[in-house]
Amino acid sequence: MNARLQEIADELASVPRDLQVELLLEHARQFPPLPDRYQAARDAGLGRVHECQAEVYFFPEVTEAEGARVVRLHADIPGHAPTQRALVGILIDAYDGATPGEVAAIPDDLLRQLGVSQLLGPQRQRGFAGVLARLKHGVAEAAGS
């Protein structure tokens with residue numbers, strides 16, 4: 001877990017359950033738009049995370065910046081799927097600009113470590129596990145490892 005993700009986990013842990021939901025919804029509201037260069041790929045169904053019931057599209061990139069490899073995360077999720085928007089928004093907030101190694105080290109039990117697993121049903125937890133697996137695989141593939 002990187003420092004930003006730890007900040008988010010600490011913030012979630014510091015409030016009662018009903019406010020955790022509100023904090024998650026705040027991440028959903030701040031979800032960044034998909035860059036125009038990925039619109040056609042999304043429309044063609046590329047990048048879709050099939051484990052999710054909601055339409056989740058993920059387009060991780062690895063670029064070079066100042067001599068270092070940097071992960072850029074782009075995703076699209078309809079507004080009627082606030083839970084997935086919130087969780088993927090947290091990933092983008094914490095890991096856009098990270099190294100491929102930091103992404104590979106994201107704990108598989110992230111929902112538990114964030115303290116939100118009790119807020120989600122089994123189907124949403126499985127869907128998010130698919131998102132996390134796709135993120136790690138996509139970044140590893142883009143990094144050439």
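A search of the whole structure finds 1 aromatic pair, where rings of Phe, Tyr and Trp (its six-membered ring) pair if their centres lie within 6.5 Å. The ring centres of Y38 and F59 are 4.8 Å apart and their planes meet at 20°, so the pair is stacked; planes under 30 degrees apart count as stacked, over 60 as edge-to-face and the rest as tilted. The pair links distant parts of the chain, with Y38 in the loop between α2 (17-29) and α3 (39-43) and F59 in the loop between β1 (57-58) and β2 (61-65), 21 residues apart. Both Y38 and F59 are buried, a term that stands for under 20% relative accessible area, with exposed meaning over 50% and partly exposed in between (1.4 Å probe, protein chains only).

This is a predicted model, in which local features need pLDDT of at least 70 and side-chain atom pairs count only at pLDDT 80 or more, while totals for chains, interfaces and linings use all residues. Residues are numbered from 1 along each chain as its sequence is written, and side-chain values use heavy atoms, with hydrogens and water left out.

The secondary structure comes to 7 helices and 4 strands, taken as DSSP runs numbered from the N terminus (helices H or I, at least four residues; strands E, at least two). Read along the sequence, these elements follow the pattern α-α-α-β-β-β-β-α-α-α-α.

With 145 residues, a compact globule would have a radius of gyration near 15 Å, and the protein agrees with this at 15 Å; the radius is taken over C-alpha atoms, and the globule rule is 2.2 Å times the number of residues to the power 0.38. Along the principal axes, the C-alpha atoms fill a box of roughly 40 × 35 × 25 Å. Of the 145 residues, 44% count as buried. Among contacts (heavy atoms within 4.5 Å) with a separation of 6 or more, residues 24 or more positions apart account for 64%.

The protein exposes about 7,500 Å², of which carbon and sulfur atoms supply 50%, with areas from the Shrake-Rupley method and a 1.4 Å probe. The mean positions of the 14 positive and 20 negative charges are 5 Å apart; Lys and Arg count as positive and Asp and Glu as negative, without His and the chain ends, and each charge is placed at NZ of Lys, CZ of Arg, CG of Asp or CD of Glu.

| Residue | Relative accessible area | Class |
|---|---|---|
| N2 | 14% | buried |
| Q123 | 44% | partly exposed |
| D18 | 58% | exposed |
| E66 | 86% | exposed |

N2 lies in the segment before α1 (3-13) and, not counting residues up to four places away in sequence, touches A94, Y95 and E102. Q123 lies in helix α7 (residues 122-143), and although Q123 and C52 are 71 residues apart in sequence, their C-alpha atoms are 8.1 Å apart in space. D18 has its place in helix α2, and its C-alpha atom is separated by 9.6 Å from that of L119, 101 residues apart along the chain. E66, in the loop between β2 and β3 (68-72), has a positive phi of about 55° although it is not a glycine.
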